[in-house]
Amino acid sequence: MTGNLTINDTHRSLIPIAEFRSVTKWYGAVIGVNGVSFQLAPGITGLLGPNGAGKTTLIKLLTGQLRPNLGEILVQGLPAWSAAAKRHIGYCPDVDAVYEEMSGRQFVLTMALLHGVDRSAARDRTEAALADVGMDDRADRTLRGCSKGMRQRIKLAQSLVHQPDLLIVDEPLNGIDPVGRRELMDFFRRCRDRGQAVLVSSHILEEMDALAEQVIFMGRGRVLAQGTLAEIRQMLAEHPQRVRIRSDRARELAGHVVAWSQVRGIELPVENEITLQVQQPDAFFRQFAALIVERRIDLTSVETTDVSAEAIFDYVMSATAGGI
Amino acid sequence: MNRPSATSAVSVAVSGVPANEDATSSACSVFSACRQLLALTLRRQLFSRQTLVGIGLTVLCCLIVLAWDRQKEPTPKKFAEQIVVPIYIAFLMPVLSIGYGASVVGGEREDRTLIYLLITPIPRSWIYVVKYLSANALVAGWAAGTLVAMCLLAGEHGRHALQPFLAASLLGSVAYAGLFLLLGTLFRHGTVISLAYWFFLEVLFGNMPGIIKRVSVAYYVRCIIYDAGSELDLGPRGRVAREMFLPISGHAAIIVLATSIALLLIVGLSVFSRREYRDLS
């Protein structure tokens, strides 16, 4: 493998709401994104990557703020730059900019009207959107006097007030307290349940573990990998995965598995526990299941310790740097 | 919440709504959004620092007129030459135009709220036209109103001077507003660039002898005034003065300003429709 990691998964069978086709964008001599191709289907997609990876450029391209130098970006079959495509897009920017002099309710209503929603429907949708983000009882305060969390919710409400098919949210969890984060994550899940595609850009990888059904890893302007975290992990099967097993017969287990081809290393850090470095985890777990049934071994716990987004991101970055 | 009423080809095919009906509905909603944008822009501009500055300068100009009117022998010619041209044409009109023209897009860009307009389904060219109309309405309305107030405060002499100045004032303020709107669209710090432009091209070059002043809007405004105010004996008199100013006819000046206004609108539309604003998020 020399570049993008691609996956044949269930998402491919769904009709894409947005599609990047070999998109390249450069700023003078600097490449923002390079040959990016992927599709967004209904559901929550996490956009991950370090600073300078190209996430912001990708979002600006998708929201029609930038035009690609090469390739094309389609939203519901329409070029993302076109005004018509923007009916299908809701965007919550990461910058803390709003019409400061307005109340939250006025701001959301204004955005509904600017999207061409007629006034009576706009009022209903404003109330529904504010209720959706938990701001219906606090939206009459002037935005200038609102906390960052409240402003973030109001920005989210404006992004969905015209009921878009695709919701793009840039770094929504920055500066939000844990309770707020949980509520926002629930909000994204509700959007998914309504059939919307949600693209969430974030540096907070742990939340993506719990939130995103699919992730897009970006690095150096390229999509390094796309798929579910488990699928990406499976794709990187050659990279050893750590499996921690607790059992009263841990040493006996170690004796059995040490000869298996998938097991690259064994540690016995404490009594009744072994940690294995495993390649091709599917094959390993099939063989392991057969072993414990055959030998009637009771297990206290089995866990993989490095399938978090953070660990996978490190894998993807190191793998692509090494040209896997 | 209800699911979106998507306007894609797929949804149209499924719902059976004819394509032309869908297009009409879409155009209506864009038109309605433009009306909302116009109201929003006018409201935000009116309740802004620019308005406070405009009120302050207008009151100051009116006080100057009242003070001028107390002199022994006021005449319409004196009023025009001592008050309207130096204070109104050369100062108040461009400053009002910079205040509203440069900030109508430039202010939203600096506040980073422009992003909220660019993500709406209003075509960019329509956004620019709405911004252009609102800037022109404010600048021309304010400029004309101030001119009328100043002329009325100056009594009989002022009323004589009003007619030759009104058309020039309207044309000049619209040209300035279009120019400064373009500068605000082009540059991140449009107000500063506009002030620099006004000072160097309008004030310095506009008062230099020879044809270099023909790059300034103020020159053509003065030509219209001098032509229309010939009854008041306005404008450069004598061979030397005329050779220094090199006036053109009022008719030619109107054509130049009208052409400039149209060109500025076309260039602004083209720039705003294609420009990628990378500094908004």
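Predicted model: local features only at pLDDT ≥ 70, side-chain atom pairs only at ≥ 80, totals over all residues.
1. Residues are numbered from 1 along each chain as its sequence is written, and chains are lettered from A, with ligands numbered from 1, in the order in which they are written.

2. To stay with this pair of helices, the axes of helix 4 of chain B and helix 8 (residues 190–204) of chain B come within 9 Å and cross at roughly 150 degrees; axes here are lines fitted to C-alpha atoms, for helices over the stretch in contact, and angles run from 0 to 180 degrees between N-to-C directions. From helix 4 of chain B, Pro94(B), Ile98(B), Ala102(B), Ser103(B) and Gly106(B) meet a set in helix 8 of chain B that includes Gly190(B), Leu195(B) and Trp198(B). Two residues are in contact if their C-beta atoms, placed from the backbone, lie within 7 Å. This contact has 5 nonpolar, 5 polar and 1 charged residues, where Ala, Val, Leu, Ile, Met, Phe, Trp, Tyr, Cys and Pro count as nonpolar, Asp, Glu, Lys and Arg as charged, and the others, Gly among them, as polar.

3. A second pair in chain B, helix 9 (residues 217–228) and helix 11 (residues 250–274), packs at an angle of about 150 degrees with axes 8 Å apart, and the crossing of helix 9 and helix 11 of chain B is left-handed. Helix 9 of chain B contributes Tyr220(B), Cys223(B), Ile224(B), Asp227(B) and Ala228(B), and among the residues from helix 11 of chain B are Ala253(B) and Leu257(B). By class, the residues of this contact are 8 nonpolar, 1 polar and 1 charged.

4. Chain B as a whole has 11 helices and 0 strands; helices (H or I, at least four residues) and strands (E, at least two) are DSSP runs, numbered from the N terminus. Of its 281 residues, 41% count as buried, that is, with 20 or more other C-beta atoms within 10 Å of their own C-beta atom, while a residue with 12 or fewer is exposed and one in between is partly exposed, the C-beta atoms being placed from the backbone. Among contacts in chain B between residues at least 6 apart in sequence, 79% join residues at least 24 apart.

5. Where the two chains meet, 31 residues of chain B are in contact with 34 residues of chain A. Helix 2 (19–46) of chain B gives the largest share of the side that touches chain A, namely 7 residues, and the residues on that side of chain B divide into 18 nonpolar, 9 polar and 4 charged.

6. The largest nonpolar core has 144 residues, of which Val108(A), Ala157(A) and Val139(B) touch the most other members; such a core is a set of buried Ala, Val, Leu, Ile, Met, Phe, Trp, Tyr and Cys residues joined through C-beta atoms within 7 Å. Helix 4 (residues 76–111) of chain B supplies the largest share of this core, 15 residues. Another core, of 10 residues, lies apart from it and includes Ala250(A), Leu253(A), Val263(A) and Leu276(A).

7. In chain A, 4 strands form an open sheet in the order 12-13-11-14 with antiparallel pairing, where two strands pair if DSSP finds at least two bridges between them. Strand 12 and strand 14 (299–304) of chain A stand at the edges with a single partner strand each, so one side of each has no neighbour in the sheet. Strand 13 of chain A pairs with strand 11 (residues 241–247) over 6 bridges and with strand 12 (residues 263–267) over 4 bridges.

8. Which residues of strand 13 (residues 273–278) of chain A lie on the covered face? They are Ile274(A), Leu276(A) and Val278(A), whereas Glu273(A), Thr275(A) and Gln277(A) lie on the uncovered one. In a regular strand the side chains alternate between the two faces of the sheet. Across the sheet, Gln241(A) has Val278(A) as its bridge partner, Arg244(A) has Thr275(A), and Gly265(A) stands opposite Gln277(A).

How values were computed:
Left-handed = near helix turned anticlockwise from the far one by under 90°.
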